[in-house]
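Trainee: I would like to learn how to read a predicted complex, one feature at a time. Could you walk me through it?

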Amino acid sequence: MKKILLVGNPNVGKTSIFSRLTGVDVMISNYPGTTVEFKEGKTKLGEEVVEVMDVPGTYTLEASSKAEKVAAEMIKEGDIVINVLDSTNLERNLNLTFQLLKKNVPMVVALNFWDETRHQGIKIDVEKLEKLLGVPVIPTVGASGEGIKKLVSSLSKAKAHSYKYNQKERWNKICETVNEVQKTTGKDHTFFEYFEDLSIRPLTGIPIAIIIMLLTFATVIFIGEFIINNFFEILFELYRPLITSFGNSLGGGFIHDILIGKLINGQIDYTQSLGLLTTGLYVPIAMVLPYVFAFYLVLGVLEDSGYLPRLATLSDNLMHKIGMHGLAIVPMLLGLGCNVPGALSTRILETKRQQFIALTLMAITLPCMGQIAMIFSLLGPYGLGSILIVFGILLVVWFSMGLLMNSLIPGLTPETFMEIPPYRLPYFRSLIKKLWMRIKAFFLEAIPFVFLGILFINILYVSGIIGFVGEIASPIIVNLLGLPKETVASLIVGFIRKDMAVGMLLPLNLTVKQLIISSVILTMYFPCIATFVVLLKELGIKDMIKSTLIMLLVTLFVGGFLNFILK
Amino acid sequence: MLITLIELENGEVGEIVKLEGGLQFKKKLSSLNIRVGKEVKKIASQPFNGPLVMKIDNTKITIGRGMASKIILKVER
């Protein structure tokens with residue numbers, strides 16, 4: 001099968017063109033490094049089915065970083081290269097184009113973000129550029145689909161054009177080309193550009209960042225609560241008579257215990273019954289999903305607007321103190337939704353050391369949205385103060401663990417060097433698509449794992465294993481952490497699914513102090529199984545063992561410390 | 001007058017006349033079109049030795065101070 005490669009600088013819209021060509025659902029955002037692994041899809045060229053590959057962005061083929069080497073290797077395998085350019089940055093983007101021309105592969109050039117050249121007063125003579133480069137040049141707008149059909153039909157005209165130039169003269173040639181094809185007229189400063197500068201200068205940028213973070217937080221809570229109160233609460237009340245009569249028809253016994261769970265005062269209690277069809281549906285759908293939805297909606301807007309690289313620049317100094325780039329806030333934010341995509345996106349950090357620190361910090365201190373939602377409902381009745389204590393502790397541990405790892409692990413963090421994209425209005429269609437993909441991923445993961453957790457814990461109860469483990473672990477759980485033995489069931493479920501584990505604390509009638517300690521412990525002691533698998537893949541066995549030891553030690557230390565100082 | 005990128009004022013423009021440092025470093029800079037002859041505008045500098053933000057053509061770039069100290073500019077003052 002023929003292979004078509006999409007190659008270009010980071011953040012020029014390769015993935016949106018890929019998605020247009022193949023119909024494959026992919027994540028698209030407005031920051032460099034959204035695509036961290038090769039994506040493959042298929043499309044039809046006339047009658048022929050061809051493979052399309054989305055290659056992570058690279059500025060150059062003169063490989064200096066690992067990502068660049070991989071991209072350079074990939075190009076050898078391609079039959080046709082679609083070189084995607086940001087047409088508002090022609091000169092910089094042509095550098096890669098000129099290097100590609102030397103590789104002698106059949107090639108087509110897509111001038112993406114064509115719509116933006118219009119409002120920026122940039123005029124590019126496409127025909128002239130085509131003549132100079134000797135390959136087809138097509139203006140495109142990946143986000144809206146403009147020019148994509150033309151791009152596909154041009155693929156049959158793709159040709160290798162060995163452009164003769166002396167390597168040393170490359171930039172001169174590029175400048176000559178740009179001077180010949182591009183005319184810029186004066187442009188008006190838009191509100192966006194004005195805001196761009198304000199949001200990156202520290203004096204105005206830091207207050208703006210704080211306001212944006214607070215707004216994000218408030219919006220997530222507002223939307224989440226709104227959906228719960230106006231939709232899911234009502235839905236589950238309508239469901240109650242149905243499930244109650246189904247439970248009655250089952251009578252008692254093991255099947256009833258698994259599907260419906262324990263009755264509390266003769267009634268199904270959605271949060272405490274612990275049956276597959278009661279708590280198993282209620283926790284992921286009515287307690288967690290609304291917040292997950294709200295979080296990813298807001299995150300999508302932040303990602304697509306182009307704000308995140310600015311936040312990364314403002315926080316770069318702070319993040320360097322804990323051994324990472326400012327850009328590490330991207331995986332951290334993603335991790336607040338779910339640790340799995342968060343852990344995967346740590347690949348944008350260029351060194352192994354940074355990745356290790358980021359992954360370990362994420363596994364120890366970053367609760368996912370499911371867990372956050374459950375901690376809120378668990379501690380909510382005791383006021384905002386106790387919730388703030390939990391997150392405050394996690395933040396302190398996050399920072400001090402980072403400081404510690406940065407000073408103990410040999411090696412340095414390289415300086416930041418990254419492009420900041422312009423602000424863009426998020427495209428509604430791609431925003432909704434991304435949200436839908438994330439919600440789907442949540443469902444595919446949450447429902448099976450919550451079910452598995454409930455099934456598992458019921459078996460452990462029936463077989464008496466839980467009592468046994470409780471006895472063994474009681475010196476740590478009771479004496480060191482000051483929690484009742486029964487918490488062990490929640491800690492076991494936490495290996496499988498964290499939100500469910502927090503939910504299992506509800507029936508235990510814990511004191512506020514115990515709730516705070518167990519919320520912190522459940523976040524820290526071990527990642528859920530889905531995250532664990534990703535961590536193992538990213539870190540390898542040796543580093544994973546190191547990371548796990550750090551987790552356990554820190555958990556025992558922090559848990560014991562809290563038990564000692566909290567009243 | 002010759003200064004480094006660090007010494008450039010916010011909002012000021014200078015022309016790159018020299019890049020110090022090794023070949024790899026120069027390649028890395030030139031991949032983002034930072035090279036001799038280009039005009040640079042400084043947009044912001046983050047406090048406590050944080051990174052700088054500069055603009056070349058239409059591209060904004062965040063760059064650490066160590067790297068910035070190796071970019072030599074000519075300015076009219």
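Trainee: What radius of gyration does chain A have, and what would a compact globule of 567 residues have?

Mentor: A compact globule with 567 residues would come out near 24 Å, and chain A has 27 Å, which agrees. Along the principal axes, the C-alpha trace of chain A spans about 80 × 55 × 45 Å. Residues are numbered from 1 along each chain as its sequence is written, while chains are lettered from A and ligands numbered from 1 in the order in which they are written.

Trainee: Which elements make up chain B, and in what order do they run?

Mentor: Helices (H or I, at least four residues) and strands (E, at least two) are DSSP runs, numbered from the N terminus. Chain B has two helices and six strands, and from the N terminus on they run β-β-α-β-β-β-α-β. Chain A has 24 helices and 11 strands.

Trainee: How confident is the prediction for chain B?

Mentor: The average pLDDT of chain B is 93, and 100% of the residues score at least 70. Within chain B, confidence is lowest in helix α1 (residues 23-31), with a mean of 88, and highest in strand β6 (residues 71-74), at 96. For the model, ipTM is 0.95 and pTM is 0.90.

Trainee: Where do the domains of chain A lie?

Mentor: Domain bounds come from an automatic or database domain assignment. For chain A, that assignment gives domain 1 (3-184) and domain 2 (202-565). The centres of these two domains, over C-alpha atoms, are separated by 39 Å. Two residues are in contact if their C-beta atoms, placed from the backbone, lie within 7 Å. The contact between the domains takes 13 residues from domain 1 of chain A and 21 residues from domain 2 of chain A.

Trainee: Is Gly33(A) buried or exposed, and what about Glu40(A)?

Mentor: Count the other C-beta atoms, placed from the backbone, within 10 Å of a residue's own: 20 or more is buried, 12 or fewer is exposed, and in between is partly exposed. Gly33(A) has 21 C-beta neighbours inside 10 Å and therefore counts as buried. Gly33(A) sits in the loop between α1 (14-22) and β2 of chain A, and beyond four places in sequence it contacts Pro10(A) and Ile348(A). Glu40(A), with 12 such neighbours inside 10 Å, counts as exposed. Glu40(A) belongs to strand β2 (residues 39-45) of chain A and touches Glu51(A) and Met53(A), not counting residues up to four places away in sequence. Buried residues make up 44% of the 567 residues in chain A and 40% of the 77 residues in chain B.

Trainee: Which residues have the most contacts inside the largest nonpolar core?

Mentor: A nonpolar core is a set of buried Ala, Val, Leu, Ile, Met, Phe, Trp, Tyr and Cys residues joined through C-beta atoms within 7 Å. The largest one has 94 residues, and Val288(A) and Val330(A) have the most contacts inside it. Helix α11 (residues 279-305) of chain A supplies the largest share of this core, 12 residues. A second, separate core of 62 residues includes Tyr59(A), Ile420(A), Leu52(B) and Met54(B).

Trainee: How many residues of each chain are in contact with the other chain?

Mentor: The contact joins 24 residues of chain A to 26 residues of chain B. On the side of chain A, β11(A) gives the largest share, four residues.

Conventions
Predicted model: local features only at pLDDT ≥ 70, side-chain atom pairs only at ≥ 80, totals over all residues. Rg over C-alpha atoms; globule rule 2.2 N^0.38 Å. pLDDT = per-residue confidence, 0-100.
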